Structure formats: C-alpha cells, structure tokens
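Hi,

Here is the structure I said I would pass on. Have a look at it first, and my notes on what turned up follow below.

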Amino acid sequence: LIVMGVVTITYTVGWAVQSLLETQIFRRRRMSNTLNDLHGHFLICGYGKMGRNICNELTERRVPFVIIESDSDKMDSIREHEYLFIHGDATRDDILEKAGEAKARGLAAVLHSDADNVFTTLSAKSLNPEIFVVARAVEEGTEPKLLKAGAARVVKPYETAGTKMAELLLSPSVID
C-alpha cells in the first residue's frame, strides 16, 4: 500500500511538472514565432499607468503591439490580457531587436524614468532610423534631450493635463 501510494504520488507530481514545463515552453515558442512574423507593429516600452492605457487603446483598435517590461510584478497582468511581451530592459539593444524593432512601425517610450526614455529612444533610433518614436517626459529639461535623441513627438502628461483642466475651468460648457 505504501509503495503504491509513493508510486502514484510520484507519477502525479511528475505528470504535473511535465505539463507545466511543456506549457511554458510551448507558450515561449509560440510567442517567439509570433514575434518573428510581426511586421508594422508598435513597441510599448513600459507597462505602467500610461503604458496600460496605450495597450488598451491599441487593443480596441486591433493594432498589433509588443510590450517590453522589466518589472516581474507586472508580468501576471500582461499574461492575463494575453498581450505579446518581452521580459527585459528596453534600454538594451538586444531586447529591442528581440521585440522586432527593425520591423516595427513605432515605439512608445513610457518607462519609469526620463533618463531611461532618452536612452531607449537613442537606442531605437540607432537600430532603426526610420522608426517613429513617441516619448514621455516628466521633468522640465527632458523634452529637448528626447528630441535630440530622435523622438518624433514628446508628450508631457502633467502639462497636457494641466492645460485640459484649465480649459475645463474656464469654459466647461464649450468643452462639453
């Protein structure tokens, strides 16, 4: 009875581990094949608040994109939404290449720091001078640096939101 119990438990655990590993391997292989087939997609560098909103908008419009995120805590949310992603640092050339940067139509640099956004923009433009880069700038002096690094457009969320709120205060009926 003990021997049969041990054999049954060992078999069950072995089967579960094998299934889990195969699922992970097949998921990675399928994602890798999908990434290789992508062309004209967008890269979203950073899956914070702004990155999530960009992904939601692109999903609604059925536009292909790949997320590059280094924070392991955000991976569950990305997997839950079944987004294509690369787990890695978007400032690194090899990660950008793995995400299909050479065949991408555009890149959104919305990482946690302005310095990372500048570096990602510079890396992306050095790998593919034709890529359209939109970058976020939070600090005052970052916009000129992002433009020099090759960003086509720079979004300053606090400035944009402040302008919108002032418009709403001054003429709420016109905005409605």
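**What I found**

Thr 120 is buried, with a relative accessible area of 0% (buried is under 20%, exposed over 50% and partly exposed in between, using a 1.4 Å probe and counting protein chains only). Before I go on, the ground rules: this is a predicted model, where local features need pLDDT of at least 70 and side-chain atom pairs count only at pLDDT 80 or more, while totals for chains, interfaces and linings use all residues. Residues are numbered from 1 along each chain as its sequence is written, and side-chain values use heavy atoms, with hydrogens and water left out.

Back to Thr 120, then. This residue sits in helix α5 (helices are DSSP runs of H or I with at least four residues, strands are runs of E with at least two, and both are numbered from the N terminus). Leaving aside neighbours within four places in sequence, Thr 120 is in contact with Cys 45, Ala 90, Thr 91, Leu 96, Leu 107 and Leu 111 (contact means heavy atoms within 4.5 Å).

**The cores**

Some of those names come up again in the largest nonpolar core, which has 24 residues. By nonpolar core I mean a set of buried Ala, Val, Leu, Ile, Met, Phe, Trp, Tyr and Cys residues joined through side-chain atoms within 4.5 Å. The residues with the most contacts inside this core are Leu 43, Cys 45, Val 66, Ile 68, Ile 86, Leu 96 and Leu 107. Two or more residues each come from β1 (42-45), β2 (65-69), α4 (93-98), β4 (106-109) and β5 (132-136). There is also a second, separate core of 13 residues, with Phe 42, Cys 55, Leu 58 and Met 75 among them. As background, nonpolar side chains in soluble globular proteins tend to be buried together.

Ile 68 is a handy one to click on. Not counting residues up to four places away in sequence, Ile 68 touches Ile 44, Cys 45, Gly 46, Ile 86, Gly 88, Asp 89, Ala 90, Ile 95, Leu 96 and Ala 99.

**A buried charge type and its neighbour**

Glu 101 is in the loop between α4 and β4, and at 1% relative accessible area Glu 101 counts as buried. With residues up to four places away in sequence left out, Glu 101 touches Leu 43, Leu 96, Ala 124, Leu 127, Asn 128 and Ile 131. From Glu 101 to Ala 137 is 36 residues in sequence and 22 Å in space, C-alpha to C-alpha.

Asn 128 belongs to the loop between α5 (114-127) and β5 and is buried too, with a relative accessible area of 10%. Beyond four places in sequence, Asn 128 is in contact with Glu 101, Ala 102 and Ala 104. Pro 129 lies in that loop between α5 and β5 as well, but counts as exposed at 53% relative accessibility.

**Two positive phi values**

Most residues other than glycine have a negative phi. Arg 62 has a positive phi of about 55° although it is not a glycine; its place is in the loop between α2 (49-60) and β2, where Arg 62 is exposed at 77% relative accessibility. Glu 82 also has a positive phi, near 60°. Glu 82 is in the loop between α3 (75-80) and β3 (85-87) and is exposed, with a relative accessible area of 72%.

**The whole chain**

The chain has 8 helices and 6 strands, and from the N terminus the elements run α-β-α-β-α-β-α-β-α-β-α-β-α-α. Its radius of gyration is 21 Å, well over the 16 Å that the globule rule gives for 176 residues, so the chain is more spread out than a compact globule (the radius is taken over C-alpha atoms, and the rule is 2.2 Å times the number of residues to the power 0.38). The C-alpha atoms fill a box of roughly 80 × 40 × 30 Å along the principal axes. Of the 176 residues, 34% count as buried. Among contacts between residues at least 6 apart in sequence, 52% join residues at least 24 apart.

Cheers
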